[in-house]
Amino acid sequence: MPQWDLNLVLTFLMCAPFEPFHNCPLRLLTIKTAFLVAITSARRVSELQALSSKPPYLMIYPDKVVLRTRASFLPKVVTPFHLGQNITLPTFFAPPHPSKEEERPHRLDPKRALSFYLDRTKEFRVDDQLIVGYVGANKGRAVQKRSISRWVVLCIKICYALAKKQPPEGLRAHSTRGKAATTALARGVPVVDICQAATWASLHTFAKHYCLESQVRRERHFARSVLQDFLILKF
(Lines give C-alpha, C1' and ligand atoms only; values in the text may rest on other atoms or scores of the structure.)
Protein backbone atom coordinates (compact mmCIF):
# COMPACT_ATOMS: atom_id res chain seq x y z
CA MET A 1 0.00 0.00 0.00
CA PRO A 2 1.61 3.31 -1.04
CA GLN A 3 2.40 5.66 1.83
CA TRP A 4 1.16 9.24 1.61
CA ASP A 5 1.13 12.09 4.08
CA LEU A 6 -2.32 12.66 5.58
CA ASN A 7 -1.13 15.76 7.46
CA LEU A 8 0.07 17.34 4.21
CA VAL A 9 -3.30 16.74 2.56
CA LEU A 10 -5.28 18.11 5.50
CA THR A 11 -3.06 21.21 5.64
CA PHE A 12 -3.81 22.19 2.06
CA LEU A 13 -7.50 21.30 2.28
CA MET A 14 -7.80 24.24 4.70
CA CYS A 15 -6.35 26.67 2.15
CA ALA A 16 -7.13 28.12 -1.27
CA PRO A 17 -8.27 26.92 -3.74
CA PHE A 18 -10.36 24.64 -1.50
CA GLU A 19 -11.31 27.52 0.82
CA PRO A 20 -13.34 29.58 1.37
CA PHE A 21 -16.24 27.43 0.21
CA HIS A 22 -18.23 30.30 -1.33
CA ASN A 23 -15.31 30.86 -3.77
CA CYS A 24 -14.49 27.18 -4.22
CA PRO A 25 -15.17 25.72 -7.70
CA LEU A 26 -17.75 22.92 -7.66
CA ARG A 27 -15.10 20.48 -8.89
CA LEU A 28 -12.87 21.11 -5.87
CA LEU A 29 -15.80 21.15 -3.45
CA THR A 30 -16.86 17.73 -4.76
CA ILE A 31 -13.32 16.37 -4.50
CA LYS A 32 -12.80 17.71 -0.97
CA THR A 33 -16.17 16.42 0.25
CA ALA A 34 -15.56 12.95 -1.20
CA PHE A 35 -12.11 12.82 0.44
CA LEU A 36 -13.31 13.97 3.88
CA VAL A 37 -16.14 11.43 3.92
CA ALA A 38 -13.74 8.70 2.78
CA ILE A 39 -11.02 9.46 5.33
CA THR A 40 -13.32 9.97 8.34
CA SER A 41 -15.51 6.95 7.64
CA ALA A 42 -12.85 4.46 6.43
CA ARG A 43 -15.49 2.90 4.18
CA ARG A 44 -15.02 1.28 0.79
CA VAL A 45 -15.72 3.34 -2.32
CA SER A 46 -18.63 1.00 -3.10
CA GLU A 47 -20.21 2.11 0.19
CA LEU A 48 -19.56 5.78 -0.56
CA GLN A 49 -21.30 5.31 -3.89
CA ALA A 50 -24.30 3.75 -2.11
CA LEU A 51 -24.83 6.74 0.20
CA SER A 52 -27.93 8.87 -0.35
CA SER A 53 -28.63 12.59 -0.05
CA LYS A 54 -32.16 11.97 1.28
CA PRO A 55 -33.57 11.02 4.69
CA PRO A 56 -33.59 8.55 6.36
CA TYR A 57 -30.24 7.64 4.78
CA LEU A 58 -28.83 11.09 5.52
CA MET A 59 -29.64 12.87 8.77
CA ILE A 60 -27.93 16.14 9.73
CA TYR A 61 -27.94 17.09 13.41
CA PRO A 62 -26.38 20.08 15.17
CA ASP A 63 -23.38 18.04 16.32
CA LYS A 64 -23.05 15.33 13.67
CA VAL A 65 -24.17 13.84 10.39
CA VAL A 66 -25.40 10.23 10.19
CA LEU A 67 -25.18 8.37 6.89
CA ARG A 68 -26.46 4.97 5.83
CA THR A 69 -26.17 3.06 2.57
CA ARG A 70 -29.38 2.65 0.61
CA ALA A 71 -31.49 -0.40 1.39
CA SER A 72 -30.78 -1.96 -2.02
CA PHE A 73 -27.00 -1.92 -1.49
CA LEU A 74 -25.22 -5.21 -0.83
CA PRO A 75 -21.74 -4.85 0.71
CA LYS A 76 -18.72 -6.91 -0.28
CA VAL A 77 -19.45 -9.28 2.62
CA VAL A 78 -23.17 -9.85 3.19
CA THR A 79 -23.73 -10.58 6.87
CA PRO A 80 -25.92 -8.95 9.55
CA PHE A 81 -22.74 -7.25 10.83
CA HIS A 82 -22.05 -5.57 7.48
CA LEU A 83 -25.62 -4.60 6.54
CA GLY A 84 -27.15 -1.23 7.36
CA GLN A 85 -24.50 0.13 9.71
CA ASN A 86 -24.69 3.83 10.50
CA ILE A 87 -21.76 6.06 9.56
CA THR A 88 -21.60 8.77 12.22
CA LEU A 89 -19.37 11.77 11.51
CA PRO A 90 -19.30 14.27 14.39
CA THR A 91 -18.74 17.94 13.75
CA PHE A 92 -15.12 19.03 14.03
CA PHE A 93 -14.15 22.23 15.88
CA ALA A 94 -17.68 23.61 15.83
CA PRO A 95 -18.22 27.39 16.14
CA PRO A 96 -17.98 29.82 17.80
CA HIS A 97 -14.31 30.44 17.06
CA PRO A 98 -12.60 33.13 19.16
CA SER A 99 -9.92 33.69 16.51
CA LYS A 100 -9.33 33.05 12.82
CA GLU A 101 -6.58 30.59 13.70
CA GLU A 102 -9.04 28.54 15.77
CA GLU A 103 -11.54 28.63 12.90
CA ARG A 104 -9.16 26.98 10.43
CA PRO A 105 -9.53 23.38 11.75
CA HIS A 106 -13.31 23.67 11.26
CA ARG A 107 -12.60 23.73 7.52
CA LEU A 108 -11.93 19.98 7.84
CA ASP A 109 -15.37 19.32 9.32
CA PRO A 110 -17.11 16.63 7.19
CA LYS A 111 -20.53 17.86 8.35
CA ARG A 112 -19.71 21.38 7.13
CA ALA A 113 -18.44 20.07 3.79
CA LEU A 114 -21.52 17.91 3.27
CA SER A 115 -23.88 20.78 4.16
CA PHE A 116 -22.20 23.13 1.67
CA TYR A 117 -22.05 20.43 -0.97
CA LEU A 118 -25.72 19.48 -0.65
CA ASP A 119 -26.78 23.13 -0.80
CA ARG A 120 -24.57 23.75 -3.85
CA THR A 121 -25.89 20.75 -5.78
CA LYS A 122 -29.59 20.82 -4.86
CA GLU A 123 -30.68 22.93 -7.86
CA PHE A 124 -29.33 20.56 -10.51
CA ARG A 125 -29.57 17.16 -8.79
CA VAL A 126 -31.43 14.51 -10.76
CA ASP A 127 -30.35 11.58 -8.56
CA ASP A 128 -30.34 11.08 -4.79
CA GLN A 129 -26.85 9.54 -4.73
CA LEU A 130 -24.84 11.57 -2.23
CA ILE A 131 -21.86 12.31 -4.49
CA VAL A 132 -22.96 13.26 -8.00
CA GLY A 133 -21.32 14.40 -11.22
CA TYR A 134 -20.33 18.05 -11.41
CA VAL A 135 -19.84 18.75 -15.13
CA GLY A 136 -21.30 18.08 -18.57
CA ALA A 137 -23.98 15.47 -19.21
CA ASN A 138 -23.25 13.82 -15.85
CA LYS A 139 -23.87 16.96 -13.80
CA GLY A 140 -26.25 16.12 -10.97
CA ARG A 141 -26.40 12.44 -11.97
CA ALA A 142 -25.19 9.32 -10.17
CA VAL A 143 -21.54 8.45 -10.77
CA GLN A 144 -19.68 5.17 -10.89
CA LYS A 145 -17.28 3.89 -8.23
CA ARG A 146 -14.31 4.63 -10.45
CA SER A 147 -15.26 8.32 -10.54
CA ILE A 148 -15.37 8.59 -6.74
CA SER A 149 -12.08 6.68 -6.51
CA ARG A 150 -10.50 9.02 -9.03
CA TRP A 151 -11.69 12.10 -7.11
CA VAL A 152 -10.30 10.85 -3.80
CA VAL A 153 -6.91 10.18 -5.40
CA LEU A 154 -7.06 13.50 -7.25
CA CYS A 155 -7.61 15.30 -3.94
CA ILE A 156 -4.36 13.83 -2.60
CA LYS A 157 -2.47 14.67 -5.81
CA ILE A 158 -3.71 18.28 -5.87
CA CYS A 159 -2.56 18.80 -2.28
CA TYR A 160 0.86 17.36 -3.10
CA ALA A 161 1.07 19.68 -6.13
CA LEU A 162 0.21 22.68 -3.92
CA ALA A 163 3.04 21.58 -1.60
CA LYS A 164 5.33 21.30 -4.65
CA LYS A 165 5.95 17.65 -3.89
CA GLN A 166 5.67 14.50 -5.95
CA PRO A 167 2.88 12.16 -4.78
CA PRO A 168 3.71 8.47 -4.28
CA GLU A 169 3.26 6.13 -7.23
CA GLY A 170 0.27 3.82 -7.31
CA LEU A 171 -2.10 5.88 -5.15
CA ARG A 172 -5.51 4.27 -4.67
CA ALA A 173 -8.65 5.52 -2.97
CA HIS A 174 -8.74 2.27 -1.01
CA SER A 175 -5.62 3.41 0.86
CA THR A 176 -7.78 5.84 2.86
CA ARG A 177 -9.13 2.86 4.83
CA GLY A 178 -5.72 1.84 6.10
CA LYS A 179 -4.61 5.44 6.63
CA ALA A 180 -7.73 6.35 8.61
CA ALA A 181 -7.73 3.18 10.70
CA THR A 182 -4.03 3.45 11.55
CA THR A 183 -4.37 7.12 12.52
CA ALA A 184 -7.29 6.24 14.79
CA LEU A 185 -5.24 3.44 16.36
CA ALA A 186 -2.39 5.88 17.00
CA ARG A 187 -4.86 8.14 18.81
CA GLY A 188 -5.91 5.32 21.10
CA VAL A 189 -9.20 4.21 19.56
CA PRO A 190 -9.81 0.59 20.62
CA VAL A 191 -9.24 -1.88 17.80
CA VAL A 192 -12.75 -3.25 18.20
CA ASP A 193 -14.15 0.26 17.55
CA ILE A 194 -11.91 0.67 14.51
CA CYS A 195 -13.15 -2.61 13.07
CA GLN A 196 -16.75 -1.59 13.76
CA ALA A 197 -16.28 1.75 11.99
CA ALA A 198 -14.54 0.21 8.98
CA THR A 199 -16.87 -2.86 8.92
CA TRP A 200 -14.14 -5.44 9.49
CA ALA A 201 -15.71 -8.39 11.25
CA SER A 202 -12.28 -9.81 12.09
CA LEU A 203 -9.48 -8.04 13.96
CA HIS A 204 -7.03 -10.02 11.82
CA THR A 205 -8.22 -8.26 8.65
CA PHE A 206 -7.11 -4.90 10.02
CA ALA A 207 -3.90 -6.25 11.55
CA LYS A 208 -2.79 -8.14 8.43
CA HIS A 209 -3.90 -5.90 5.56
CA TYR A 210 -4.51 -2.34 6.80
CA CYS A 211 -2.47 -1.48 9.90
CA LEU A 212 0.41 0.79 8.86
CA GLU A 213 2.00 1.49 12.27
CA SER A 214 1.50 0.67 15.96
CA GLN A 215 1.96 3.80 18.12
CA VAL A 216 -0.78 4.22 20.74
CA ARG A 217 -2.44 7.31 22.27
CA ARG A 218 -5.93 8.20 23.53
CA GLU A 219 -8.96 9.62 21.68
CA ARG A 220 -12.71 9.13 21.99
CA HIS A 221 -14.24 8.91 18.54
CA PHE A 222 -13.03 7.21 15.38
CA ALA A 223 -13.97 9.90 12.83
CA ARG A 224 -12.80 12.82 14.99
CA SER A 225 -9.52 11.11 15.87
CA VAL A 226 -8.48 10.91 12.21
CA LEU A 227 -8.49 14.72 12.03
CA GLN A 228 -7.42 15.29 15.65
CA ASP A 229 -4.02 13.66 15.09
CA PHE A 230 -3.32 16.37 12.53
CA LEU A 231 -4.18 19.12 15.02
CA ILE A 232 -1.73 17.84 17.62
CA LEU A 233 1.05 18.19 15.09
CA LYS A 234 0.01 21.52 13.57
CA PHE A 235 -1.68 23.67 16.29
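At 5% relative accessibility, W151 is buried (buried means under 20% relative accessible area, exposed over 50%, partly exposed in between, with a 1.4 Å probe and protein chains only). This is a predicted model, in which local features need pLDDT of at least 70 and side-chain atom pairs count only at pLDDT 80 or more, while totals for chains, interfaces and linings use all residues. Residues are numbered from 1 along each chain as its sequence is written, and side-chain values use heavy atoms, with hydrogens and water left out.

**Surroundings of W151**
- W151 belongs to helix 6 (residues 145–162); helices are DSSP runs of H or I with at least four residues, numbered from the N terminus.
- Leaving aside residues up to four places away in sequence, W151 touches T30, I31, I131, V132, G133, Y134 and V143, where contact means heavy atoms within 4.5 Å.
- A173 is 22 residues from W151 along the chain, and their C-alpha atoms are 8.3 Å apart.

**Cysteines**
- A disulfide is a covalent bond between the sulfur atoms of two cysteines.
- The whole structure contains zero disulfides, judged by pairs of cysteine sulfur atoms within 2.5 Å.
- C155 is in no disulfide, and the nearest cysteine sulfur, that of C159, lies 4.7 Å away.
- C155 is buried at 0% relative accessibility, and C24 is buried with a relative accessible area of 1%.

**Helix 5**
- Helix 5 (residues 110–121) has twelve residues and spans 16 Å from its first C-alpha to its last, close to the 16 Å expected at 1.5 Å times one less than its number of residues.
- Its buried residues are P110, K111, R112, A113, L114, Y117, L118 and T121.

How values were computed. Helix = DSSP H or I, 4+ residues; strand = E, 2+ residues; numbered from the N terminus.
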